[in-house]
Amino acid sequence: MRNYDGVTYKGHKVVDLAVAWFKMSNDDFFKVYGFNFNPHQYPGLYEKARKIVYPDSEG
């Protein structure tokens with residue numbers, strides 16, 4: 001799995017964006033950040049963020 005530490009998008013770390021994406025609706029994400037974001041565009045980022053948000057889940 002790729003390490004996305006230090007990778008940014010529009011001035012935000014992509015890992016932080018992906019975690020926020022998991023925690024709020026698309027509409028709320030857009031209200032907060034002013035753009036849409038899809039962690040699936042970064043190989044392995046969805047899975048990394050999911051493990052951060054849901055550390056006890058399997059998969």
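The model is predicted, so local features need pLDDT of at least 70 and side-chain atom pairs count only at pLDDT 80 or more, while totals for chains, interfaces and linings use all residues. Residues are numbered from 1 along each chain as its sequence is written, and side-chain values use heavy atoms, without hydrogens or water.

Start with helix H1, residues 14-23. Helices (H or I, at least four residues) and strands (E, at least two) are DSSP runs, numbered from the N terminus. Of the 10 residues of H1, 8 are buried, so H1 is largely enclosed by the rest of the structure. Buried means under 20% relative accessible area, exposed means over 50%, and partly exposed lies in between (1.4 Å probe, protein chains only). The buried set is Val14, Val15, Leu17, Ala18, Val19, Ala20, Trp21 and Phe22. These residues pack against E1, E2, helix H2 (26-33) and H3. Contact here means heavy atoms within 4.5 Å.

Now take H3, residues 45-53. The axes of H1 and H3 come within 9 Å and cross at roughly 65°. Axes are lines fitted to C-alpha atoms, for helices over the stretch in contact, and angles run from 0 to 180 degrees between N-to-C directions. The crossing of H1 past H3 is right-handed: the near helix is turned clockwise from the far one by less than a right angle. H1 contributes Val14, Val15, Ala18, Val19, Trp21, Phe22 and Lys23 to the contact, and H3 contributes Leu45, Tyr46, Lys48, Ala49, Arg50, Ile52 and Val53.

Which residues of H3 are buried? They are Leu45, Lys48, Ala49 and Val53. Down the axis of H3, they fall within an arc of 130°, so they line one face of the helix. The arc is that of the directions from the helix axis to the C-beta atoms. The buried residues of H3 pack against H1.

Lys48 also has a charged partner. It forms a salt bridge with Asp5, with the closest N and O atoms 3.7 Å apart. The rule asks for a side-chain nitrogen of Lys or Arg within 4 Å of a carboxyl oxygen of Asp or Glu. Asp5 lies in the segment before strand E1 (8-9) and Lys48 in H3, so the pair ties together parts that are 43 residues apart in sequence. Asp5 is exposed, at 56% relative accessibility.

Last, the backbone. Most residues other than glycine have a negative phi. Lys10 has a positive phi of about 50°, although it is not a glycine. Lys10 sits in the loop between E1 and strand E2 (12-13). Lys10 is exposed, with a relative accessible area of 55%.
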